Amino acid sequence: MELQIKEQNGFQYVEEGSGEVLLLLHGLFGALSNWQDVIQEFGTDYRVIIPLLPIYDMPLTQAGVPGLVNYVEDFLREMRLEAPMTVLGNSLGGHIALVYALRNPRLVQRLVLTGSSGLFEDSMGGSFPKRGNYNFVQERVAYTFYDPSIATKDLVDEVFNVTNSNTKVLRIINIARSAQRHNLGKELTKITAPTLLVWGLNDTITPPVVAHEFARLLPNAELHFLDHCCHVPMMERPQDFNLLLRQFLRRTTLEPALP
């Protein structure tokens with residue numbers, strides 16, 4: 001399935017299907033293709049929308065979690081999406097989803113978080129990208145998956161090309177540091193939307209203890225672990241992820257969350 005990227009007033013995004021909106025937010029090294037199996041599964045009975053986050057080319061002064069949340073708000077205004085929706089986020093995308101929900105409680109009907117930052121994350125494995133070092137990039141990409149073979153040469157090449165640019169690396173470092181600074185521990189109790197937490201039992205970037213802490217702090221959260229799975233469950237265990245998501249969507253009410 002080839003994803004068709006659309007463009008509207010400078011915003012790039014993928015959109016499939018019609019009906020209730022599922023807004024999908026990718027992570028720091030993520031891409032639209034990370035959500036391919038979710039699009040295939042849910043694009044027939046939901047309106048699935050994935051904005052391409054401007055991680056590598058946004059103004060350096062705005063390169064951080066608040067700037068990315070502003071971007072998502074601007075995108076949704078441009079798309080005239082004003083009804084409550086389900087927001088899904090992986091890694092940094094989960095962090096953006098949480099801040100968006102805190103700012104716009106009436107617009108978030110449900111949350112789905114997987115490997116989310118916001119409490120703790122180690123996306124750089126204790127170090128930051130090294131420009132021009134292919135082996136380092138290969139190791140970092142493989143670190144994201146339980147099965148390193150998922151880190152194909154195409155995927156490694158894609159990340160290497162990004163980290164081979166000084167200006168892009170500066171943005172990545174700014175955003176990663178911003179994610180570490182913007183700890184949401186004291187604010188999560190305000191999010192009343194039903195929340196599905198799907199976590200890789202073998203996640204090394206946001207370990208299982210982080211998932212338990214999210215489950216403790218979010219008032220209406222349910223937590224599911226997937227074994228033999230690291231930081232990107234919707235890519236590594238797509239059938240299990242999609243089954244949990246479909247069951248959650250069926251189970252939860254259509255009432256918008258109260259502020």
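Is Arg47 buried, partly exposed or exposed, and at what relative accessibility? Arg47 counts as partly exposed, at 22% relative accessibility. The points below concern a predicted model.

1. **Arg47 and Glu15.** A salt bridge joins Arg47 to Glu15, with the closest N and O atoms 2.5 Å apart. Arg47 belongs to strand β4 (residues 47-51) and Glu15 to strand β2 (residues 11-16), so the pair ties together parts that are 32 residues apart in sequence. The two partners fall into separate accessibility classes: Glu15 is buried at a relative accessible area of 15%, whereas Arg47 is partly exposed at 22%.

2. **Glu73 and Arg103.** The side chains of Glu73 and Arg103 also meet in a salt bridge, at 2.9 Å from N to O. This pair links distant parts of the chain, as Glu73 sits in helix α2 (residues 65-78) and Arg103 in helix α3 (residues 92-103), 30 residues apart. Glu73 is buried, its relative accessible area being 13%, while Arg103 is partly exposed with 37%.

3. **Lys153 and Asp157.** A further salt bridge connects Lys153 with Asp157, and here the closest N and O atoms are 2.7 Å apart. Both residues lie in helix α5 (residues 153-163); they are four residues apart, which means a separation of about one helical turn. Lys153 is exposed, with a relative accessible area of 57%.

4. How many salt bridges does the structure hold? The count is 11, and the Arg47–Glu15 contact is among them.

5. **Aromatic pairs.** The rule for ring pairs gives a count of seven aromatic pairs. Which residues do ring pairs link into a cluster? The cluster consists of Phe11, Tyr13, Tyr71 and Phe75. In general, the distance of the centres and the angle of the planes describe a pair of aromatic rings.

6. **Asn135.** Asn135 is located in helix α4 (residues 134-143). Its relative accessible area is 55%, and Asn135 is therefore exposed, since that class applies over 50%. Asn135 and Asn9 are 126 residues apart along the chain, and their C-alpha atoms are separated by 38 Å.

Conventions: Residues numbered from 1 in each chain as written. Predicted model: local features only at pLDDT ≥ 70, side-chain atom pairs only at ≥ 80, totals over all residues. Heavy atoms only, no water. Phe/Tyr/Trp six-rings, centres within 6.5 Å; stacked < 30°, edge-to-face > 60°. Helix = DSSP H or I, 4+ residues; strand = E, 2+ residues; numbered from the N terminus. Buried < 20%, exposed > 50% of the residue type's maximum accessible area, 1.4 Å probe, protein only. Salt bridge = Lys/Arg side-chain N within 4 Å of Asp/Glu carboxyl O.
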